[in-house]
2 protein chains.
Amino acid sequence: MARPSRVQLAIKQTRPFRSAAQEGTIALLRTASVVSRAVGRVLEPWGLSLAQYNALRIIRGAGTGGIPTLAIRERMIEEGTTITRLLDKLEQAGLIERERSLPDRRQVICRATMEGKRWLDEIDPIVDLADEEAMAALGPRQLQQFIAALDAVREANAERGAPRTMVGSS
Amino acid sequence: MARPSRVQLAIKQTRPFRSAAQEGTIALLRTASVVSRAVGRVLEPWGLSLAQYNALRIIRGAGTGGIPTLAIRERMIEEGTTITRLLDKLEQAGLIERERSLPDRRQVICRATMEGKRWLDEIDPIVDLADEEAMAALGPRQLQQFIAALDAVREANAERGAPRTMVGSS
DNA sequence: CGGAATTAGCTATCATGGCAACTATTGGCA
DNA sequence: TGCCAATAGTTGCCATGATAGCTAATTCCG
């Protein structure tokens, strides 16, 4: 690992990384930070955070049947997030509605309102564009390899770092 | 993009991604989240967050000359972070010390204390191990390609999402 | 049937990040 | 010289994330 790297220059680190693994880890976290900000930036006109947009899309994806609160959390990008207050904001904004489930009254079913769907119809193309720009540096083949590498890393680290007792991990 | 993907399974998304770029973006953010938690987990015994450890390492790297506050922020993984309160904690913990610079009294120079260096000597090998584990799913060649892809994506997105007036961007 | 264990969700608390306003210091320049 | 802009940090306010503890509803079994 004697070669100078771009990440080193980016963070103005003069010394080489102690290992390729360290370089990869730092590059991963730093790149995600940059991309997250870039994508989050396009949501500013709507006053939505990336997490809120993410949740709203998950809820819309559930269709008319709705989706219980904790099922949303499992599908979020940030797994550990506190979902209640995030949904409170979406409900206050009139983008979703919640009601107690009939068969199991512990559950709270979330559905997207018409207003919520309208917002997504507006926002989706813009986020799509942002995603394209975010990955524009990679060719199609590179992108596929990139995704495969991310998948491999994520799966290998899924249990490590598990924040809570995972539901389906027994 | 008709093939089913691992990320889709992981976030229980039944529909295919709208584009490879979207899949890549989500995979990047989600993987970084998982790895960040896994690495951050090993710092718990010391009560340090990943950002604090990151800052402490940067400060130690500056040596006896020290480093001004804002120069630390430029080198952090999370670029936009408010650095003052983070340094307050490190100072309260006795890991760093701060003093006004003599030539330019606006600057506050930060240095690692002996205690701070001792902590890093203990922590570094453990974080190294965590980094190795985080990237263990990739072979040496895959890892190099992975790093190259991350570098390319990060650089292409560096200006987009720029949170503040970048110092050296004029 | 009935109580323990489980599950779904909410709340409280603490730490952190984003952002803007504010102070102090320095530098430019007419 | 004296004013104005730029720079370095700090602080306050709000939103979010991490966690743990709590309540209500349900399920498991003896």
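**The helix crossing between the chains**

Modeller: H2(A) and H2(B) cross in a left-handed manner (left-handed if the near helix is turned anticlockwise from the far one by less than a right angle, right-handed if clockwise). This is a predicted model, in which local features need pLDDT of at least 70 and side-chain atom pairs count only at pLDDT 80 or more, while totals for chains, interfaces and linings use all residues. Residues are numbered from 1 along each chain as its sequence is written, and chains are lettered from A and ligands numbered from 1 in the order in which they are written. Helices are DSSP runs of H or I with at least four residues, and strands are runs of E with at least two, both numbered from the N terminus.

H2(A) covers residues 20–42, and its axis lies 9 Å from that of H2(B), at an angle of about 130° (axes are lines fitted to C-alpha atoms, for helices over the stretch in contact, and angles run from 0 to 180 degrees between N-to-C directions). H2(A) and H2(B) are therefore oblique to each other; angles under 35 degrees count as roughly parallel, over 145 as roughly antiparallel, 65 to 115 as roughly perpendicular and the rest as oblique.

Contact here means C-beta atoms, placed from the backbone, within 7 Å. Among the residues that H2(A) brings to this contact are Leu28(A), Leu29(A), Ala32(A) and Val35(A), and H2(B) contributes residues including Leu28(B), Leu29(B), Ala32(B) and Val35(B). By class, the contact of H2(A) with H2(B) has ten nonpolar, six polar and no charged residues (nonpolar: Ala, Val, Leu, Ile, Met, Phe, Trp, Tyr, Cys and Pro; charged: Asp, Glu, Lys and Arg; polar: the others, Gly among them).

The whole interface joins 65 residues of chain B to 65 residues of chain A. On the chain B side, H2(B) gives the most, with 21 residues. That side of chain B divides into 31 nonpolar, 14 polar and 20 charged residues.

Chain B superposes on chain A by a rotation of 180° with 0.0 Å of shift along its axis, at an RMSD of 0.1 Å (least squares on the C-alpha atoms of residues with pLDDT of at least 70 in both). The two copies are thus related as by a two-fold rotation axis. The copies meet through the same surface, because 100% of the interface residues of chain B are also interface residues in chain A.

Notes:
Two residues are in contact if their C-beta atoms, placed from the backbone, lie within 7 Å.
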